Amino acid sequence: MARALLTHNLPILISFIFLLFIVVSSGISDVSNESFVFLPSPNSINDGDRSTMFLPLFPPKETSRPRDEQLSRRHLQKSPSSARMPLHDDLLLNGYYSTRLWIGTPPQRFALIVDTGSTVTYVPCSTCEQCGNHQDPKFQPEMSSTYRPVKCNINCTCDNEREQCIYERQYAEMSSSSGVLGEDIVSFGNQSELAPERAVFGCENLETGDLYSQHADGIMGLGRGDLSIVDQLVEKHVISDSFSLCYGGMDFGGGAMVLGGIKPPSEMVFSHSDPVRSPYYNIELKEIHVAGKALNLNPQTFDGKHGTVLDSGTTYAYLPEAAFVAFKSAVMKELHSLRVIEGPDPNYKDICFSGAGSDISELSKSFPPIDMVFSNGKKLSLTPENYLFRHSKVRGAYCLGIFQNGKDPTTLLGGIVVRNTLVTYDRENERIGFWKTNCSEIWDRLNLSPSPPPLPSGLDNTNSSANLTPALAPSLPPEHYAPGKIKIGFVSFYMSLSVDYSELKPRVPELAHFIAQELEVNVSQVHLMNFSTEGNDSLIRWAIFPAGSSNYMPNATATEIINRLAENRFHLPDTFGSYKLVKWDIEPPPKRIRWQQNYLVVVVALLVVLIIGLSASMGWLIWRRRQETPYIPVGSVETHEKELQPLN
């Protein structure tokens with residue numbers, strides 16, 4: 001009877017063990033990826049859902065590396081790698097996109113405008129007396145143990161004393177930069193697989209115009225030329241002769257940059273780019289279609305002077321006179337339900353329209369599609385965000401971001417035309433590729449990183465009655481969080497904004513994106529923890545989580561975040577009103593009980609016991625089967641068992 005019961009339930013037992021193994025294995029996977037930091041819901045600081053965040057960007061803290069890492073880096077010299085770098089800021093709010101570069105030993109950080117129209121990378125020097133107040137401190141050559149001035153030689157312009165090489169650059173908007181040339185270690189951030197390299201750059205002693213007043217520190221030159229950062233890296237054979245830019249859209253700024261080659265998406269369209277045709281990056285634009293209809297223009301219209309030039313340092317697009325007149329007329333013929341209004345700045349005759357609504361995804365219902373057709377017949381389709389910008393004074397109104405280029409026959413395509421477009425400058429094959437995509441998710445779309453989790457669902461709840469009165473900022477200096485003293489689970493802080501939460505709520509993802517930019521972390525690391533309202537003001541508690549599957553945040557990373565919060569180095573758009581950071585703190589991960597700390601040992605031991613038990617059961621079954629008597633047909637012998645009588 002026991003044998004029959006065991007045999008009957010053996011499949012169930014095996015299924016149970018297999019199911020238990022799957023559950024336990026899943027538990028191992030979940031535990032290994034969790035950050036062990038709990039996210040409170042809006043209604044409670046103690047309870048709520050939890051999620052993980054990952055992938056920050058921070059400068060290398062040391063130039064010395066372990067031997068095995070040095071060996072792997074040397075292999076990269078033989079096999080070109082790439083530098084993956086995020087882009088910050090916003091094209092129309094700031095007029096540019098910037099990236100972060102670190103120069104010197106120890107590294108000094110700088111925010112540099114990515115500019116395909118410039119060849120020199122330069123930053124303000126500590127000796128500069130005519131440089132503006134920018135985002136970061138000036139470069140101090142005397143503080144870098146690896147800095148070397150570039151001595152005067154026959155290949156450069158020399159200073160008056162003929163001791164050091166100098167540079168000088170002037171721009172169309174009447175700004176200028178000049179200084180000396182130096183050489184030092186340049187680092188590209190922790191997202192980059194490219195090792196720090198020595199490179200020549202400009203140390204500014206004078207800047208004028210927009211360069212003096214801009215928030216960014218300097219320029220990262222991506223153009224063609226011996227001093228271009230791209231040319232220098234290609235010359236060292238550490239990257240292939242290619243780079244890519246991906247600018248964010250109208251809803252989100254930021255984006256990404258890759259120095260080096262990438263595998264182009266299958267949908268990417270290319271245009272030939274002739275390096276002899278002009279000193280700038282050009283494409284062979286043949287036609288422009290509005291709502292599927294070609295503008296009535298001579299194809300040579302887009303081939304005047306420098307041809308059609310791509311310039312990432314230019315904000316808008318500029319067409320030759322004939323092309324602009326035809327383009328403006330064709331667009332306005334397609335706008336049936338919109339009203340023409342005055343532009344936001346009376347000093348400019350902007351062409352603006354109201355009545356389209358505030359939902360960017362719905363703009364294509366009001367504005368026509370645009371196609372740029374290349375000489376090879378390929379075409380790049382543009383959405384309204386590629387030729388419009390928001391009216392800063394009228395809600396739901398937009399203005400043309402394409403203008404007439406005076407009497408200049410050059411067609412100049414600035415950053416607005418390639419918003420949410422991956423642009424690959426394949427210099428080796430003399431071509432430029434375009435792929436329409438969401439640049440805020442470019443790493444995921446190129447399958448270069450795991451997808452970040454969404455923002456907490458707690459955003460749909462409100463808690464207007466909660467009164468979270470923030471305490472004053474900690475009186476202890478950042479050194480209080482010195483490495484090795486504590487284990488940091490996450491950094492939290494409160495932000496007070498002069499905006500009603502009903503208006504702020506739909507823009508919380510956008511606000512999280514800007515916070516990620518300012519703290520130089522991935523947006524997936526930024527989580528809303530709690531919020532409250534008082535009158536027309538909002539108080540939001542944010543948390544910055546460790547990167548990837550890490551349980552702890554590096555002390556250096558937490559210190560850098562705290563420093564930025566303490567120094568109020570935030571730069572949010574005016575549309576979020578006035579704001580104030582009123583409290584910040586570091587918090588350890590929650591403690592786990594002993595068996596959780598040794599979960600792997602426990603799981604393995606349990607599986608071993610189950611396997612041994614199953615093996616013993618199978619062995620016992622085999623032994624019992626061998627002890628059984630031969631099979632005897634029914635009726636051949638008298639049975640001594642009696643049939644059970646039915647119950648009365």
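Reader: Which residue in β31 is the bridge partner of Y494?
Author: The bridge partner of Y494 in β31 is R541. Here strands are DSSP runs of E with at least two residues, while helices are runs of H or I with at least four, all numbered from the N terminus. This is a predicted model, in which local features need pLDDT of at least 70 and side-chain atom pairs count only at pLDDT 80 or more, whereas totals for chains, interfaces and linings use all residues. Residues are numbered from 1 along each chain as its sequence is written, and side-chain values use heavy atoms, with hydrogens and water left out.

Reader: And how many bridges join β29 to β31?
Author: Seven bridges join strand β29, residues 490-497, to β31, and the two run antiparallel; two strands are said to pair if DSSP finds at least two bridges between them.

Reader: Is β31 mostly covered or mostly open, and how many of its residues are buried?
Author: Strand β31, residues 537-544, is mostly covered, since seven of its eight residues are buried. Buried stands for under 20% relative accessible area, exposed for over 50%, and partly exposed for what lies in between, using a 1.4 Å probe and protein chains only.

Reader: Changing topic, where is S244, and is it buried or exposed?
Author: S244 is in strand β11, which covers residues 242-247, and S244 counts as buried because its relative accessibility is 1%.

Reader: So what does its side chain make a polar contact with?
Author: The side chain of S244 makes a polar contact with the side chain of T424, at 3.0 Å. Such a contact is a pair of N or O atoms within 3.5 Å; within protein, one must be able to donate a hydrogen and the other to accept it, and residues adjacent in sequence count only if both atoms are side-chain atoms. Leaving aside neighbours within four places in sequence, S244 is in contact (heavy atoms within 4.5 Å) with residues including A256, M257, I262 and L422.

Reader: Now the rings, how many aromatic pairs are there in the whole structure?
Author: A search of the whole structure finds 17 aromatic pairs. Rings of Phe, Tyr and Trp (its six-membered ring) pair if their centres lie within 6.5 Å, and planes under 30 degrees apart count as stacked, over 60 as edge-to-face and the rest as tilted.
Author: As one of them, Y281 and Y425 have ring centres 5.0 Å apart and planes at 65°, so this pair is edge-to-face. Y281 lies in the loop between β13 and β14, and Y425 in strand β27, so the pair ties together parts that are 144 residues apart in sequence.

Reader: Are those two buried or exposed?
Author: Both Y281 and Y425 are buried. Y316 and F403 also form an edge-to-face pair, with 5.3 Å from centre to centre and 85° between the planes, but Y316 counts as partly exposed because its relative accessibility is 21%.

Reader: Which residues do ring pairs link into a cluster?
Author: Ring pairs link F110, F139, Y147 and F201 into a cluster.
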